[in-house]
Structure formats: structure tokens, C-alpha cells
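Here's a quick tour for anyone meeting this structure for the first time. Have a look at the picture, then read on.

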Amino acid sequence: MKKIILIIIILVFTAGCTNINKLSYDDIVNNITTISTKDNIYRTGYSYYLPRGMKVADSTLYNEVIEDANSKYYLYVDVVSFYKKITKEYEINNNAIYSSKINYNDKFGYVEVNLLKNDKYLVEIMYNYAKIEVVAYEKDIKKVVAYAMSILTSITYNNSVIENYLGEDIFESSEEKYDIFEIVGSDNYLQFTEDIEVTDEIRD
């Protein structure tokens, strides 16, 4: 059964269409970590694999906006937490559509899916000292989870580059502006999302 699940998930990244919606969230989260990928996106201090059919729409130092045909993925890579090996326990949210811890290769994280409004869902995945947030329709949620897990599990850090770039003084004085350990399915996130959508409309 596990082999069949893995084959189906691999098809997401090769054929672009699959019966992934027939899988459970647990199937996707627990099996995506076994897919072997090679990095094809290289940034300051880290690299990752971008699945076929996706593109980077915008990139700043440790933030990326990634797009597929239907959704925007907001990626934040927390190199400070990685360097300091900061960890924090995630508590299962029984009010969420889906809430689960991720424990794989001595790395931790979580997946949480919450209903927002207008039939949209907030998908939040934190793993490997990085986080992806996506607002998606129900029909796209499982594909979004598969893509996001593929990206997050593939992130590789370069310790020497991170240390050289940030410097000890920044590590000692830096105040994190964004907490990847915090669930942000709140009014603050909704306002942030609405601001982005308005900006995108203006650009169009």
C-alpha cells in the first residue's frame, strides 16, 4: 500500500495530474518525505527543490512567493532558528480541518489546515526551519500539501554561508519579526492576505 501511495504522489510532480485527492492527509504527509529530489533553486545559505509546474514569482533574502497554476505559496526560511537549533512543541489543534505533527529525520514541524472565508482554506506547513502558507480552495488542498512538503523537505542549509552572512552580532541582537512556530490562522493573517490580493489586482 505504501508503494502505491508513493507512486501516486510522485505522479503529482511528473504528470501534473493524479488521483491524489483520494489519499488522506496522513498518507501525503507521511510519504512525501521519501521522494528523492535534487535541488534546483539556490539562495544565500540554502537551496531547495522546486517541483515541475511551479515557478518563483518573487524572491527576497529569505522569503519567496512561489506559484503553481492555481495557488501562491508564501515561503519563509528561518536561518536564525536553524543556526541556533531552536525548537518548539506543536500542540494539535482539534478545531482545525487537519492538524498533525511532522517528525522525520530528526526534524520537526506541523501541518495545519483551517477554513477561512469565501470557501477558502489556509494551509500552513512548518518543517525543517521553514514555513509555507497557502490560501487555497478545497479541491486544491491536498495538491498544495504535497507540493509544500516536497519543497520543505528538500531544503538544504549551508552553515558556513549562513554564519558568514549573518555574523555573530546579528545572531545575538536579532529580534525575529516572524515566528514560524506560531499558527497564524487569524485576523492578522487574513488582513495580510487581503493586502496581497489588492496589490495583485492593482498590478493586473
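## Before we start

When this report says two residues touch, it means their heavy atoms come within 4.5 Å. Keep in mind, too, that this is a predicted model.

## Around Tyr98

Let's start with one residue. Tyr98 sits in strand E6. Its relative accessibility is 10%, and buried means under 20%, so Tyr98 counts as buried.

What does Tyr98 touch, leaving out residues up to four places away in sequence? The list is Tyr25, Asp26, Val29, Val111, Glu112 and Val113. There's also a polar contact, at 3.5 Å, between the side chains of Tyr98 and Ser100.

## The sheet

Zooming out, there's an open sheet of 7 strands, paired antiparallel, in the order E3-E4-E5-E9-E8-E7-E6. Strands E3 (55-60) and E6 (98-104) stand at the edges with a single partner strand each, so one side of each has no neighbour in the sheet. On average, neighbouring strands here are turned by 15° against each other, direction ignored.

Look inside the sheet and you'll find E4 (residues 63-67) joined to E5 (residues 72-77) by 5 bridges, the two running antiparallel. Ile66 stands opposite Tyr73 in E5.

## The helix and the core

Helix H4 (residues 141-154) lies across E4, E5, E6, E7, E8 and E9, and runs at about 20° to E8.

The largest nonpolar core has 48 residues, and Tyr48, Leu75, Val77, Ile125, Val145 and Tyr157 touch the most other members. H4 gives the most to this core: 9 residues. Setting aside neighbours within four places in sequence, Leu75 has contacts including Tyr48, Ile66, Ile132, Ile151 and Leu152.

Note on methods. Residues are numbered from 1 along each chain as its sequence is written. This is a predicted model: local features need pLDDT of at least 70, side-chain atom pairs count only at pLDDT 80 or more; totals for chains, interfaces and linings use all residues. Side-chain values use heavy atoms; hydrogens and water are left out. Two strands pair if DSSP finds at least two bridges between them. Helices (H or I, at least four residues) and strands (E, at least two) are DSSP runs, numbered from the N terminus. Axes are lines fitted to C-alpha atoms, for helices over the stretch in contact, and angles run from 0 to 180 degrees between N-to-C directions. A nonpolar core is a set of buried Ala, Val, Leu, Ile, Met, Phe, Trp, Tyr and Cys residues joined through side-chain atoms within 4.5 Å. Buried means under 20% relative accessible area, exposed over 50%, partly exposed in between (1.4 Å probe, protein chains only). A polar contact is a pair of N or O atoms within 3.5 Å; within protein, one must be able to donate a hydrogen and the other to accept it, and residues adjacent in sequence count only if both atoms are side-chain atoms.
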